Amino acid sequence: MTLTLEEEVKAPFAFDCRKLAEEVVLAALTSEDFPYEAEVNLLLVSLEDIWQINKEQRQIDAPTDVLSFPLIEYSAPGDFANLEEDEDNFNPDTGEALLGDIVLCIDKVKEQAAQFGHSEKREYAFLILHSLLHLLGYDHMTQEDSQIMEAKQNKVLCQMGILR
């Protein structure tokens, strides 16, 4: 698994951002039985940066906590059976599946951790996991889909010992 981490802003956390992100991505891929090595890009940004990206990419003129930009289309969430049918799903140099990009707002991690009464480590891990599930085809547009995502998030975070 390859995680490319770029920090547009320095993350002022007491934990190693790269290490935790790698652990979360690996735990999620393992939990989903993802059958390939994978490549994920993670960009850490400020509130102003994510606001601008959200406005440009989604036409929503407001900040958000995390954005997901999947590179693979799935026939169903978590269905990896036909990935090899499209060679564009894989990095030609490494053979890794190109899952996509995660853009994470550091300011929102701090704000939401305080708001929800848990650690910044837990919020950071949760947002990366949430976004990675989007990169694997999951969404929360319906109540049923939301329940599926929440169960998957809780399972992985519990397995990692990252609790509220």
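Residues are numbered from 1 along each chain as its sequence is written, and side-chain values use heavy atoms, with hydrogens and water left out. Because the model is predicted, local features need pLDDT of at least 70 and side-chain atom pairs count only at pLDDT 80 or more, while totals for chains, interfaces and linings use all residues. Helices (H or I, at least four residues) and strands (E, at least two) are DSSP runs, numbered from the N terminus.

Four strands make up an open sheet with mixed pairing, in the order β1-β2-β4-β3, where two strands pair if DSSP finds at least two bridges between them. The edges are taken by β1 (2-7) and β3 (66-70), each of which has a single partner strand, so one side of each is left without a neighbour in the sheet. On average, neighbouring strands of this sheet are turned by 15° against each other, direction ignored. β3 and strand β4 (residues 97-105) run antiparallel and are joined by five bridges; in one of the pairings with β4, S68 has I102 as its bridge partner.

Helix α4 (residues 120-135) lies across β2 (38-45), β3 and β4, and runs at about 140° to β4. Here axes are lines fitted to C-alpha atoms, for helices over the stretch in contact, and angles run from 0 to 180 degrees between N-to-C directions.

Two packed helices are described by the angle between their axes and the distance between the axes. The helices α1 and α4 pack with their axes 9 Å apart, at an angle of about 45°, which makes α1 oblique to α4 (angles under 35 degrees count as roughly parallel, over 145 as roughly antiparallel, 65 to 115 as roughly perpendicular and the rest as oblique). On the α1 side the contact (heavy atoms within 4.5 Å) is made by residues including C17, L20, V24 and L29, and on the α4 side by residues including Y124, I128 and L132. The residues of this contact of α1 with α4 divide into twelve nonpolar, no polar and two charged, where Ala, Val, Leu, Ile, Met, Phe, Trp, Tyr, Cys and Pro count as nonpolar, Asp, Glu, Lys and Arg as charged, and the others, Gly among them, as polar.

Helix α5 (residues 143-160) meets helix α1 (residues 17-31) as well, their axes coming within 10 Å and crossing at roughly 120°, and α1 and α5 are therefore oblique to each other. In α1, L20, E23, V24, A27, A28 and S31 meet K155, V156, Q159 and M160 in α5, and the residues of this contact divide into six nonpolar, two polar and two charged.

The axes of α4 and α5 also come within 10 Å, crossing at roughly 130°, and that makes α4 oblique to α5. Among the residues that make this contact are F126, L129 and H130 of α4 and M149, V156 and L157 of α5; its residues divide into seven nonpolar, three polar and two charged.

The last feature concerns aromatic rings. Rings of Phe, Tyr and Trp (its six-membered ring) pair if their centres lie within 6.5 Å, and planes under 30 degrees apart count as stacked, over 60 as edge-to-face and the rest as tilted. By this rule the count comes to seven aromatic pairs. In one of them, the rings of F15 and Y124 have centres 5.2 Å apart and planes at 55°, so the pair is tilted. This pair links distant parts of the chain, since F15 belongs to the loop between β1 and α1 and Y124 to helix α4, 109 residues apart.
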